[in-house]
Amino acid sequence: MDGDMLVMLKPRTIWLLVGLAVVLSVIDRAGGVLLPFVLGTAIAYFLDPVADRLERLGFSRAWAVAIIALAATSAIAAAALWLLPTLVGQVRQAVEAMPRAVRSGFDFLNLRFPELMEDGSFVRQFLTDVTERIRQTALGLLGGTLSTVISAVGTLFIFIATPTVAIYLLYDWDRLVAGVNRRLPPEQAPLIRRLAADIDGVLTGFVWGQLVVGSLLATFYSTVLMMLGLNYGLLIGLASGILNFIPYLGSFSGFVLATGVALVQFWGDWWKIALVALVFVFGQVVEGNFVTPRIVGDSVKLHPVWLLLALAVGGALFGFAGLLLAVPIAAALGVVVRYYDAEYRAAIRRRRTRPQPEPPRPD
């Protein structure tokens, strides 16, 4: 039976499946090494329309890429000079305050709920295990000199290789797309181009929309939390905006972190604690009902459950590189499935409206 199935498959399909298996195997085994190349390709893909617009204004491709690189470098440098000192200070304060916060939490639970914190109780054992695991992780990160050096070298490689790959691909992007276009099989070329255009529209709309929405939320949360005087307000706000591309995770994690910090910092000042919590409730309501529908719109058609499943599977199989590839793969599969579903439903409608032959009349 298996041999018959292989015979029925076209040689081109077999080679396509073999190539897909090889690509997945390479991603699985070399996901960390491929990370700057995946990031660089994604950056070049999303900046290509900007380069094309600059070319239409009269710039050469080389000058367009140079202008984009200079603008991106200037924006990153300005953001680093403006935000980095405050951000690094808040991270350092959070790390230094963590042991003190854990001790304060234990003292608070011992005072308010002594029956739950008795020796051998489930709550005490659970909190002790979590604290010990955090301590062991921190010691491992600080103690592994060789692994720390290797990690630093790998991070430096990512920071150097990613923009290099992005610049080279951005310069040659139109040439690469034209080369792929010339090699499409003539009989399937119109369908492939149509699906590719739909995938491009879905992916571009989703990613640019999420970047805009995440930036707006990060700015809103950080500004309001710092105005309220919340410790680590900038750190919590930025983390909430960055994690917003995962449905509900950004607002939920920000709500939990901000409320927890507010409980410790403003204990007894219940109105201020409630105000911190309401910041995230208000942000989620406005984002879900006004901001995202207007910026992202309904044309993207990436359901939150489908996106969560893609991110979970991609991260579990291929690590961080899988997380980066999850969204484009989910968008592509969604477009292909919707196309064939529409073709299937159209075939059913044609079959139903087709005139049925009259039954033979009896003699």
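This is a predicted model: local features need pLDDT of at least 70, side-chain atom pairs count only at pLDDT 80 or more; totals for chains, interfaces and linings use all residues.
Residues are numbered from 1 along each chain as its sequence is written. Local features need pLDDT of at least 70, side-chain atom pairs count only at pLDDT 80 or more, totals for chains, interfaces and linings use all residues, and side-chain values use heavy atoms, with hydrogens and water left out.

The protein has eleven helices and zero strands. Both are DSSP runs numbered from the N terminus (helices: H or I, at least four residues; strands: E, at least two). Of the 363 residues, 26% are buried, that is, under 20% relative accessible area with a 1.4 Å probe, protein chains only. A contact means heavy atoms within 4.5 Å. Among contacts with a separation of 6 or more, 68% join residues 24 or more positions apart.

The protein exposes about 24,900 Å², by the Shrake-Rupley method with a 1.4 Å probe. Carbon and sulfur atoms supply 71% of this area. W306, L309, V313, L317, I329 and L333 make a nonpolar surface patch of about 540 Å². W306 lies in helix α11 (residues 304–353). Its relative accessibility is 34%, so W306 counts as partly exposed, between the 20% limit for buried and the 50% above which a residue is exposed.

Helix α9 (residues 249–265) has 17 residues. From first C-alpha to last, α9 reaches 24 Å, close to the 24 Å expected at 1.5 Å a residue; the expected span is 1.5 Å times one less than the number of residues. Buried residues of α9 include G250, S253, A258 and V261. The buried residues of α9 pack against α7 (189–227), α8 (233–242) and α10 (270–295).

Methods:
Patches are made of residues with over 30% relative accessible area and no salt bridge: like charges are joined within 9 Å, nonpolar side chains (Val, Leu, Ile, Met, Phe, Trp, Tyr) within 5 Å. A salt bridge is a side-chain nitrogen of Lys or Arg within 4 Å of a carboxyl oxygen of Asp or Glu.
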